[in-house]
Amino acid sequence: YARAGLITDVELYDEYPTRYLAYTRRKHRWIRGDWQIVGWLRGKVHGPDGLEPNRLSAISRWKILDNLRRSLLEISQLLLILLGWFVLPGAGILWTMVVLGFIAFPWLFSTFLAVLRPPHDQSWKAYYSAVWNDAIANAQQFSLAVIFLPHQAAVSADAIVRTLVRMA
């Protein structure tokens, strides 16, 4: 737990990785960092004189918890697909479609909003041409997210297990 000072004239840039392997390495590093601070969710934390009350605010704890939730996303999606095919009642394809719907929702929703809100200051033809190009890019991103789902789940699981083992 560290305090920070306000610096108003410094800008930090962290560009999106241009290669899949660079993205995966960064994600693995970030997940390990998120799980290293899991102890800060407890009511008492280690301080210089032993255990002391946790001074983190509820919103700070929520942010930590949300990062942990996000790191479990691909694992839970893949697990739900596997459970749907082999354990859960109903057709496996139905469970798969539910998971694919959750994965596709952000891209579908943004495309839907773009279609419903055309601008008033430019040509509708040019606007909807750009929306169509964005929809194609969204479909490609969705396809890649599905294709890489097993690998991303494995990367997340490895980062979580590796961190918990090292901390133990």
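This is a predicted model: local features need pLDDT of at least 70, side-chain atom pairs count only at pLDDT 80 or more; totals for chains, interfaces and linings use all residues.
**View 1. The stacked aromatic pair of Y20 and F148.** Among the six aromatic pairs counted in the model, Y20 and F148 form one that is stacked, with 4.2 Å from centre to centre and 20° between the planes. This pair links distant parts of the chain, since Y20 belongs to helix α1 (residues 20-36) while F148 lies in the loop between α5 (124-147) and α6 (149-167), 128 residues apart. Y20 is partly exposed, its relative accessible area being 30%, and F148 is likewise partly exposed, with a value of 29%.

**View 2. The edge-to-face pair of Y127 and Y128.** The ring centres of Y127 and Y128 are 5.2 Å apart and the ring planes stand at 75°, so this pair counts as edge-to-face. Y127 is buried, because its relative accessible area of 15% falls under 20%, whereas Y128, at 28% relative accessibility, is partly exposed. Together with W124, the residues Y127 and Y128 make up one aromatic cluster.

**View 3. The crossing of helices α3 and α6.** The axes of α3 (residues 73-86) and α6 come within 8 Å of each other and cross at roughly 125°, and the two helices are therefore oblique to each other. The crossing in which α3 passes α6 is left-handed. On the α3 side the contact is made by E74, I75, Q77, L78 and I81, which meet L149, P150, Q152, A153, S156, A157 and I160 of α6.

How values were computed:
Residues are numbered from 1 along each chain as its sequence is written. Side-chain values use heavy atoms; hydrogens and water are left out. Rings of Phe, Tyr and Trp (its six-membered ring) pair if their centres lie within 6.5 Å; planes under 30 degrees apart count as stacked, over 60 as edge-to-face and the rest as tilted. Helices (H or I, at least four residues) and strands (E, at least two) are DSSP runs, numbered from the N terminus. Buried means under 20% relative accessible area, exposed over 50%, partly exposed in between (1.4 Å probe, protein chains only). Axes are lines fitted to C-alpha atoms, for helices over the stretch in contact, and angles run from 0 to 180 degrees between N-to-C directions. Angles under 35 degrees count as roughly parallel, over 145 as roughly antiparallel, 65 to 115 as roughly perpendicular and the rest as oblique. A crossing is left-handed if the near helix is turned anticlockwise from the far one by less than a right angle, and right-handed if clockwise. Contact means heavy atoms within 4.5 Å.
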